[in-house]
There are 2 protein chains.
Amino acid sequence: MAVVPKTLPVVDLSAPVCCAPLASGAMDPGDALEVALRLKALADPVRVQLMSLLLAEAAAGVCTCDLAPALGLTEATVSHHLRQLREAGLVEGTRKGTNVFYRPRIEALGALCRVIDPACC
Amino acid sequence: MAVVPKTLPVVDLSAPVCCAPLASGAMDPGDALEVALRLKALADPVRVQLMSLLLAEAAAGVCTCDLAPALGLTEATVSHHLRQLREAGLVEGTRKGTNVFYRPRIEALGALCRVIDPACC
DNA sequence: GGAGTTCTTCGACGTACGTCGAAGGTGTGG
DNA sequence: CCACACCTTCGACGTACGTCGAAGAACTCC
């Protein structure tokens, strides 16, 4: 029997998370994975700062070249973090000429929050 | 010049997180670290399931030996995850005889949620 | 088309994480 | 004190992650 290396499953996270809140009883493993993957996308100091910067300019959007110096990191690193956030559905980027403007996806962040919140609902 | 290995700073997370919400503008790196560390504690499918199980029995508490079979993991692994949650202040355990009963710290979870929520406040 | 800017991808490096079996507490009851 | 149950710690294993420099893509303007 072939021994497959145990790697993380790939899951589509483009839509806001949608499942019963944590506090409403035992959560099934699939939902737990969905929640955990989105949390993991946010569970990094750089990405938390990124989200706060993007939320502050939610209307205009911010480009990589402005974010990199604000965080003291290379553009390659910032691009990597933005990708994590984008794949988790927490952020979206739109091209305008040579620039890509990133904006937070507020519904997605709100949905994640509602699942976690022990008071909400 | 000595090259110090770059390791993660150790931070006390026993009290519920307390800082301005993400959406209120650029967050400073220290606060971002505090938030990220707490999120990281929750950013694992097993720990999300653990929290949901504990929230379902918040009054009574649940012991490691009941959690391990419910998750299909060894007690060593569950103990490890509970430790992560405890160090993040999201859970607390009290000994009763040979058992340790774990309970969620609802205020801590709520505080984390309020920092993340783009709608809250 | 060519030079220049912005952004992403690739490869490599060190560190951190999840899991287990085995060993080490901690407490209960004969 | 000894046997037993529960829980945690330790050591080891493979995988995942954050960071960078360098190379590649996408686009603009001359």
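The dialogue below reads some features of a predicted model with chains A and B.

Me: Where should I start with the sheet of chain B, and in what order do its strands lie?

Reply: Strands of a sheet pair through backbone hydrogen bonds, in either a parallel or an antiparallel way. In chain B the sheet is open and has three strands in the order β1-β3-β2, with antiparallel pairing. Strands β1 and β2 of chain B are the edges, each pairing on one side only.

Me: How many bridges join β2(B) and β3(B)?

Reply: Strand β2 (residues 91-96) of chain B and β3(B) are joined antiparallel over six bridges. One pair to look at is B:E92, whose bridge partner in β3(B) is B:R103. β2(B) and β3(B) also form a hairpin, with two residues between them. In the turn, B:G97 has a positive phi of about 70 degrees.

Me: And what pairing does β1 (residues 62-63) of chain B make with β3 (residues 99-104) of chain B?

Reply: That pairing is antiparallel too, over two bridges. Here B:V62 has B:Y102 in β3(B) as its bridge partner.

Me: Which helix lies across β2 and β3 of chain B?

Reply: Helix α4 (residues 75-87) of chain B does, and it runs at about 120 degrees to β2(B).

Me: How do I read the length of helix α2 (residues 45-56) of chain B?

Reply: Compare its span with the one expected at 1.5 Å a residue. This helix has twelve residues and reaches 17 Å from first C-alpha to last, close to the expected 16 Å.

Me: Is α2(B) mostly covered or mostly uncovered?

Reply: It is mostly covered, with eleven of its twelve residues buried. Among the buried residues of α2(B) are B:P45, B:R47, B:Q49, B:M51 and B:L55.

Me: Why does A:K40 count as partly exposed?

Reply: A residue is buried at 20 or more C-beta neighbours within 10 Å and exposed at 12 or fewer. A:K40 counts as partly exposed because it has 19 such neighbours inside 10 Å. A:K40 sits in helix α1 of chain A. Its C-alpha is separated by 9.4 Å from that of A:L85, which is 45 residues apart from A:K40 along the chain.

Me: How many residues does each chain give to the contact between A and B?

Reply: The size of an interface is often given as the accessible area lost when the parts come together. Counted in residues, the contact takes 31 from chain A and 31 from chain B. On the side of chain A that touches chain B, the elements giving two or more residues are α1 (29-42), α2 (45-56) and α5 (106-116) of chain A. The residues of that side divide into 24 nonpolar, four polar and three charged.

Notes: Residues numbered from 1 in each chain as written. Chains lettered and ligands numbered in written order. Predicted model: local features only at pLDDT ≥ 70, side-chain atom pairs only at ≥ 80, totals over all residues. Contact = placed C-beta atoms within 7 Å. Helix = DSSP H or I, 4+ residues; strand = E, 2+ residues; numbered from the N terminus. Nonpolar A, V, L, I, M, F, W, Y, C, P; charged D, E, K, R; others polar. Pairing = 2+ DSSP bridges. Expected span 1.5 Å × (residues − 1). Axes fitted to C-alpha atoms, helices over the stretch in contact; angles between N-to-C directions.
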